[in-house]
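Subject: Structure handover

Hello,

Here is the structure I promised to pass on. Please have it open while you read; my notes follow below.

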Amino acid sequence: MKKILLIILSFTAIINALEITPKNVKNANTSLIILNQKDIQNPKLTFDKHNINFFPYPSKKESYYALIPVSYYKDKKAYRVIVSYFQNKKKIFKGITLNVIDGKYKSETINVPKGKVSLSPKNKKRVEKEYKEAMKIYNTVTPELYLNSAFIKPMNSKITSSFGKKRVYNNTLKSYHSGTDFKAAVGTKVKAVNDGIVVIAQNRFYAGNSIVIDHGQGIYSCYFHLSKMNFKVGDRVKKSEIIGLSGSTGRVTGPHLHFAFRINGVQVDPLQAITLLNKNHLY
């Protein structure tokens with residue numbers, strides 16, 4: 001009886017050592033992996049051939065966390081997440097299942113000037129350059145976490161277009177909505193959703209005047225179509241500071257704030273990510 005009890009307790013300890021939330025995650029959403037284990041070194045995980053580092057859990061001792069951003073285009077199926085670390089000079093492996101499910105995003109039709117859909121060679125070259133520069137930044141994982149408190153929204157206004165909608169421009173399916181649009185007249189104040197460092201502050205073809213903040217450990221928030229930018233690259237920003245004013249620069253049909261999120265280089269639903277980070281006290 002004691003032997004059976006010890007086996008059960010041992011099995012329970014293994015399960016509790018590795019937590020995942022949510023276990024059933026929509027495409028373009030984020031899952032959190034928590035590793036509760038003391039006296040370990042170099043914890044890492046692999047998700048569908050993507051290697052992701054763990055970081056010390058800000059509010060838990062002897063625990064580590066990793067964020068798994070799921071691409072919008074990820075196949076909907078069960079994936080095995082493999083976690084590894086060293087303990088007593090021995091490499092340990094553990095696994096847990098993550099189910100990617102369909103986000104069931106709706107479609108919307110948008111009419112914009114033809115030059116913003118079918119690009120000229122000059123504009124195409126500009127877009128490719130801007131994309132390459134931005135992705136280099138998004139794929140950079142800063143070791144330090146700059147957060148000290150919970151995330152807030154960039155403004156308190158009506159959401160006019162939710163994340164993930166399939167975008168049909170001039171009757172041609174081109175993309176999906178990669179952020180959340182907030183209703184905002186030109187000149188409305190835009191707040192930083194948390195502490196961080198400005199890594200992009202420039203006018204871009206699609207996004208217009210853009211500010212991107214690095215919050216550390218692979219977490220980035222993005223603010224597009226601004227009429228004014230109050231910070232430059234390298235500036236430290238505090239949560240709720242006014243980073244700029246909303247506008248209608250870039251590819252838009254009218255003034256608003258496009259708010260987006262990148263985690264470990266992957267575009268994800270910003271409001272779901274903020275809710276997940278706040279709920280689990282990742283600051």
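Strand S4 (residues 41–47) and strand S5 (residues 50–53) run antiparallel and are joined by four bridges. Two terms first. Strands are DSSP runs (E, at least two residues) and are numbered from the N terminus. Two of them pair if DSSP finds at least two bridges between them. Thr46 has Asn51 of S5 as its bridge partner. Two residues lie between S4 and S5 in this hairpin. Asp48 sits in the turn, with a positive phi of about 50°.

A word on the source. This is a predicted model, in which local features need pLDDT of at least 70 and side-chain atom pairs count only at pLDDT 80 or more, while totals for chains, interfaces and linings use all residues. Residues are numbered from 1 along each chain as its sequence is written, and side-chain values use heavy atoms, with hydrogens and water left out.

Now the sheet. It is open, has five strands in the order S2-S9-S8-S4-S5, and its pairing is mixed. S2 (24–26) and S5 stand at the edges; each has a single partner strand, so one side of each is left without a neighbour in the sheet. From one strand to the next, the twist averages 30°. For that angle, axes are lines fitted to C-alpha atoms, and angles run from 0 to 180 degrees between N-to-C directions.

Next, S8 (residues 78–87) and S9 (residues 90–101). These run antiparallel, with 10 bridges joining them. Gln87 is opposite Lys90 of S9.

Two residues deserve a look.

Which strand holds Phe47? Phe47 lies in S4. Its relative accessibility is 3%, so Phe47 counts as buried (under 20% relative accessible area; exposed is over 50%, partly exposed in between; 1.4 Å probe, protein chains only). Beyond four places in sequence, the contacts of Phe47 (heavy atoms within 4.5 Å) include Ile68, Pro69, Val70, Tyr79 and Leu98. Phe47 and Arg80 are 33 residues apart along the chain, and their C-alpha atoms are separated by 7.0 Å.

Val70 is in the loop between S7 (63–69) and S8. Val70 is buried too, at 0% relative accessibility. Not counting residues up to four places away in sequence, Val70 touches Val25, Lys26, Phe47, Leu98 and Val266, among others. Val70 and Val266 are 196 residues apart in sequence, yet 7.3 Å apart in space, C-alpha to C-alpha.

Best wishes
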